[in-house]
Structures are given as C-alpha cells and as structure tokens.
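Subject: Structure handover

Hello,

Here is the structure I promised to pass on. My notes on it follow below.

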Amino acid sequence: MPTTNLIVTFQKFFYPILSGIGIPVNLFTFYMIRFRKCEMSETAIIYLSALAIVDCFYLLWVALLDLSLSFLLDHPFWHAYPWCGILTFLEYGSLFSSTWIVVVFTIERYLALRMTKVKMHFSHSKATVRIILSVVLLCHLVAIPDYWINGVTMFNYTTDGENITLPRCFYENTMFSTLVVWINTFISGGIPFTLIIVFNSLIGHHLTQASKMFTKEQQRIIKGVTTKGMVRRTILLLFTVSFTFVALCLPRFVTYCILRTAYNYPDFNRDDYNLSINVFGDIAIMLQNLNSTTNFLLYCMVSKGFRQELRNLLKPNTRAKELGSHFTQTTMKIFSVTGSKMHRSRDPVDVVLTKLARID
C-alpha cells in the first residue's frame with residue numbers, strides 16, 4: 001500500500017510539471033533554432049525545429065490531456081465517445097512522428113556523407129520540408145487503427161449516495177487490439193532503435209576512416225573550414241539526440257514486451273504496485289515522456305552556437321559589445337590599408353607590410 005501511494009502521488013505531480021515545463025521549453029527551442037543563428041546547417045534547423053513542434057504535441061496529448069488528467073480527475077472528458085478513440089489516435093500519431101523524424105534525420109546524415117548526389121538533392125530546404133511532412137502524414141495514417149483499440153463502456157458509480165452511469169474508456173482485449181499494439185511497439189521502438197544504432201555506427205565508422213586519410217595538421221585545417229565544422233557539429237547533435245532517445249525510450253519497449261508476454265493474462269492487475277514489473281513499467285513510461293523535454297538541455301550541452309545565442313538573448317549587451325568590437329577592428333583595417341596606399345615606399349619591409357594589410 002505505501003508503494004502504491006508513493007508511485008501514484010509522484011505521478012500526480014510529475015506529469016503536470018513535465019507538461020507545464022516541456023511545452024513552453026520546446027516552443028522556446030523552436031524559436032532558438034529557427035530564428036536565431038545557432039551555427040547549424042539548414043537541414044539540421046528544419047529537422048530539429050520539426051522535432052520540437054512534434055514533441056510539443058506529444059506532451060499535449062499524452063502528458064497533459066491523458067496522464068495528467070488520469071491522475072488528477074476521476075472522470076476526464078476523453079472517457080466519452082468519440083474522444084476515447086481520437087485521443088489514442090493523436091497520441092500514437094505524435095509518438096510515431098517524433099520517433100521517425102529522428103530516424104530519417106539519422107539516415108539523411110549518413111546518405112549525405114556517403115553520396116554527393118544525395119547530399120545535393122536533400123540539402124535543399126524544400127526537399128527537407130517535403131520529407132518531414134511526408135513522415136508526419138504517414139505516421140498519422142499508420143496510427144488510424146489505434147482509434148479502435150479502446151472502447152467506451154457505461155459503468156455505474158455511487159457518488160454521495162446516488163447511483164450515476166458514466167462512460168469509461170477501456171482497452172479492448174481483442175485479437176485486433178493486441179495485433180495493433182504489438183505493431184505499434186515495433187514501429188515506435190524495435191525498428192527505430194535498430195536503425196538509429198546501425199546508421200549512427202556507420203556514420204562513426206565513416207568519419208573514423210576519413211580521419212585516417214589526413215595528417216594531424218590537415219585535420220586541424222579542415223576543422224577550421226566553416227562547412228566541415230558545421231557538418232561535424234550537426235553530426236555531434238545528431239548523435240546526442242538519437243542516443244538519448246534510445247536510452248530513455250528503450251526501457252519502455254522492454255517493460256512493455258515483458259508485460260505483453262510473461263504477464264499477459266486476464267486477471268493481471270496493472271495497478272498493483274507491489275509487483276516490481278508494474279513499478280518499472282510506470283518508470284519506463286515516465287522516462288519515455290521525459291525524452292520529449294530534454295532536447296533543449298542537450299543543445300545547451302553540445303552546441304556552442306546554441307549556447308552563444310542563448311547568452312546573447314538573455315544578455316543583449318554582450319551581443320552589442322561583440323558587434324562594436326567587430327566594427328572597430330574592421331574600421332582599423334580599412335584605415336590601415338588606406339594609410340598604406342597614401343604613404344607608398346620602395347623599402348621592401350614597407351612593401352611586405354602593405355601586402356599583409358591588404359590580405360587582412
């Protein structure tokens with residue numbers, strides 16, 4: 001009983017706080033990536049902006065309307081028809097979209113590294129937007145059968161000595177529902193995890209092999225080139241986001257597979273927290289929902305450009321000082337070049353200094 005009260009009480013606070021913080025943070029992340037210069041490639045900006053928006057919808061449907069209301073209210077609105085099926089459809093649609101945007105971004109980065117023609121085709125912003133829209137549309141089409149995995153049943157309740165009949169949204173324990181849920185499990189878990197690990201490993205292998213072709217001095221020069229540096233930063237962001245996604249969502253995939261196999265019998269009580277599998281199952285769901293709120297912190301840790309733009313946004317004077325310093329240096333260079341033209345000399349040292357000034 002104490003364990004049950006502890007788990008339920010924790011989730012009553014966890015999901016409202018998660019949705020209350022996660023949705024604004026994702027919207028702020030979208031603003032930072034899309035409208036600030038965070039030193040990301042155009043492709044990365046589009047993919048990560050789409051991921052932030054989709055995560056907002058996931059937190060809205062799952063963390064706020066479903067789980068928060070389930071723990072805070074006795075009878076949420078979505079127990080009635082047709083909201084029971086609509087909310088389930090929206091939850092799985094946003095879950096699939098968030099998952100497969102990460103997968104497609106991973107595959108796109110690998111193809112861009114390996115094939116020049118593919119890179120030229122998919123590096124265009126219009127092509128990237130079409131890909132993301134296609135992914136989101138396809139994910140929601142795949143989620144349509146989830147509308148029928150839950151059913152609405154009328155139940156009698158006693159409140160203040162009066163009997164009332166209210167609808168209740170319950171999982172339909174049928175062959176159709178079982179098949180759809182297993183398919184969902186592998187679409188949102190097993191298949192994406194495998195693809196992310198495989199393609200990230202291939203990207204890492206490709207970069208390792210490519211680095212062996214150059215000396216340390218050549219690698220230092222390459223790292224200084226803007227395009228190459230942007231590619232490396234984009235791949236570092238990709239590694240961080242994708243592996244964090246796997247780490248936080250894999251427990252949900254494992255616990256659900258255990259629940260649907262070892263504990264798949266009619267009398268099993270999912271709300272009995274004296275069983276460790278139920279405790280771990282709820283913790284895994286919390287971790288999966290937490291994944292939709294962590295990207296802002298990941299960008300702050302990994303992306304120097306993101307951190308710099310965040311500082312500029314919070315401290316506008318810093319940006320003004322940087323622009324003033326840059327303007328002063330540029331002005332000094334202009335006057336130094338002008339001065340060298342006015343005072344020409346046949347001294348070889350003056351000639352060399354004049355050329356250096358022109359190069360600067």
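W182 counts as partly exposed because its relative accessibility is 23%, where partly exposed means between the limits for buried (under 20% relative accessible area) and exposed (over 50%), with a 1.4 Å probe and protein chains only. This is a predicted model, in which local features need pLDDT of at least 70 and side-chain atom pairs count only at pLDDT 80 or more, while totals for chains, interfaces and linings use all residues. Residues are numbered from 1 along each chain as its sequence is written, and side-chain values use heavy atoms, leaving out hydrogens and water.

The partner of W182 in an edge-to-face aromatic pair is Y256, at 6.4 Å centre to centre with 70° between the planes. Rings of Phe, Tyr and Trp (its six-membered ring) pair if their centres lie within 6.5 Å; planes under 30 degrees apart count as stacked, over 60 as edge-to-face and the rest as tilted. This pair links distant parts of the chain, with W182 in helix α6 (residues 175-211) and Y256 in helix α8, 74 residues apart. Y256 is buried, because its relative accessible area is 13%.

The whole structure holds 23 aromatic pairs. Another of them is F28 with Y31, a tilted pair at 6.4 Å centre to centre and 35° between the planes. Both residues lie in helix α1 (residues 2-35), three residues apart, about one turn of the helix. F28 is partly exposed at 28% relative accessibility, and Y31 is partly exposed at 31%. Ring pairs also join F28 and Y31 with F30, F35, F296, Y299 and F306 in a cluster.

On cavities: there are four of 30 Å³ or more. A cavity here is a set of points on a 1 Å grid over the protein atoms alone where a 1.4 Å probe fits but cannot get out, and lining residues have an atom within 4 Å of a point. Grid points are joined across faces, edges and corners, and a volume is the space filled by probe spheres set on the points. The largest cavity holds about 60 Å³. Its lining includes L51, D55, S98, V241 and N291. Helix α8 (226-259) gives the most to this lining, with three residues.

For the chain as a whole, there are 13 helices and two strands, taken as DSSP runs numbered from the N terminus (helices H or I, at least four residues; strands E, at least two). Of the 360 residues, 40% are buried.

Regards

How values were computed:
1 Å grid on protein atoms, 1.4 Å probe; cavity = no way out; pocket = protein on both sides within 12 Å on 5 of 7 lines; lining within 4 Å.
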